[in-house]
Amino acid sequence: MKIRAFDWRDLPTLHRYRRQSIFLHSSLLLTRGPMLFSGALLSTLSPATGIFTSVSVADGDGGPVLIGQTVHTPGSQCAQLTFLAPEVALDSAALPALLEHLSAQAVDHGALRLVAEVEERTQAFEALRRVGFATYARQHIWRIDEQPSPSPKASGWRPATERDLIAVRSLYNNLIPGLVQQVEPFPAERLHGLVYCQGNDLLAYVELKYGHRGIWAQPFIHPDMEVGSQCLAELLQNLPMRPNRPVFVCVRSYQSWLEVALDDLGAEPLFHQAIMVKHLAVPQKAFRPFPLPALEGGHPEISAPISGARFQEPLPEAQPWLQIES
């Protein structure tokens, strides 16, 4: 078995697998499409694109060719599996080696975890679990096609700005379970989305990702906020650059109460997914010695005030020529 980078020789095989691939990156798939050929070709041009496509070829004619791909944003702690192909060969003995190769590439570029989004009770779910992936969250994807009619009253939704960063970070830390935060820490970059405010209180943030096929919306909404179909309709009305594009709302399991409002709004449920992660690094405590300047070359500390001390004139030294007569 040989594992190598994707090149032009693999285009016919990838074309044959175009209807046999399992896609594991929902926001990319729904907003930009499968990107099988474009992503694979970009990975051959430069590693700076953050896309890595690898091929596992069996020795001789002993097994099928496996193709896998990951995408990693520079500076992110997570790399994302985008697809594996063909789906019928996920039970192959070559899959663990292929994923290890993709994981090694992700580690070389600074990733600490490898994430995949997959429907439960499928062959892909069982295959990923056998090679070390574990479920840390679940999500339900909803699709909204219709544009709601404008509301006569003012909306509390507005574009997020830099001054909202601290409030959104606080909302994230209070809302998201600790297990999820370990895998998906709050992004340090600027906000991309809308916030909902009541007075001075920020109660919701919706992260947005855009593509030519649709808009991905990831809501983080405080449970104390009254969320109904009218509130979500106002959110859709305030989405920038939406013309004729569907909106895909990702509802995580810890915010499942939002699904009632989505159903009342007429959203279409698409699929349930498990979000799986494989840790690529083992956290360890780093022991670092801390120097003590006062003990390692600093000046001695004065423990008593000088003003209270009395000094006595030193006795004159005995001169060698002075003789004392008895």
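Tutor: What follows goes through the cavities and then the pockets of this predicted model.

Student: How many cavities of 30 Å³ or more are there?

Tutor: The count comes to two.

Student: What space lies in the largest cavity?

Tutor: About 120 Å³.

Student: Which residues lie nearest its centre?

Tutor: P219, L232, L235, V249 and L262 lie nearest the centre, out of 15 lining residues. By class, the lining of the largest cavity has 15 nonpolar residues, with no polar and no charged ones.

Student: Which elements does that lining come from?

Tutor: Strands β10 (201-211), β11 (214-221) and β12 (247-252) each give at least two residues, and so do helices α8 (229-237) and α9 (258-265).

Student: And the second largest cavity, what volume does it have?

Tutor: About 70 Å³. Its lining is made up of F23, H25, L28, L29, G33, P34, M35, Q69, T82 and F83. Helix α2 (26-32) and strand β5 (78-85) each supply at least two of the lining residues.

Student: How do the residues of that lining divide by class?

Tutor: The second largest cavity has six nonpolar and four polar residues in its lining, and no charged ones.

Student: Which elements give two or more residues to it?

Tutor: Among the helices, α2 and α3 (36-45) do. The strands are β4 (66-72), β5, β6 (113-118), β7 (134-144), β10 and β11. The largest share is from β10, with five residues.

Student: How many nonpolar, polar and charged residues are in that lining?

Tutor: The lining of the largest pocket has 24 nonpolar, 17 polar and eight charged residues.

Student: What about the second largest pocket, what is its volume and what lines it?

Tutor: The second largest pocket has a volume of about 160 Å³. I22, F23, L24, H25, S26, L29, E117, V118, E119, T122, F271 and Q273 line it. By class, these divide into six nonpolar, four polar and two charged.

Student: Which elements supply at least two residues there?

Tutor: For the second largest pocket, they are β2 (22-23), α2, β6 and β13 (268-279).

Student: Back to H25 for a moment. Where does H25 turn up?

Tutor: H25 lines the second largest cavity and the second largest pocket. H25 is also among the residues closest to the centre of the largest pocket.

Key. Residues numbered from 1 in each chain as written. Predicted model: local features only at pLDDT ≥ 70, side-chain atom pairs only at ≥ 80, totals over all residues. Heavy atoms only, no water. 1 Å grid on protein atoms, 1.4 Å probe; cavity = no way out; pocket = protein on both sides within 12 Å on 5 of 7 lines; lining within 4 Å. Points joined across faces, edges and corners; volume = space filled by probe spheres on them. Helix = DSSP H or I, 4+ residues; strand = E, 2+ residues; numbered from the N terminus. Nonpolar A, V, L, I, M, F, W, Y, C, P; charged D, E, K, R; others polar.
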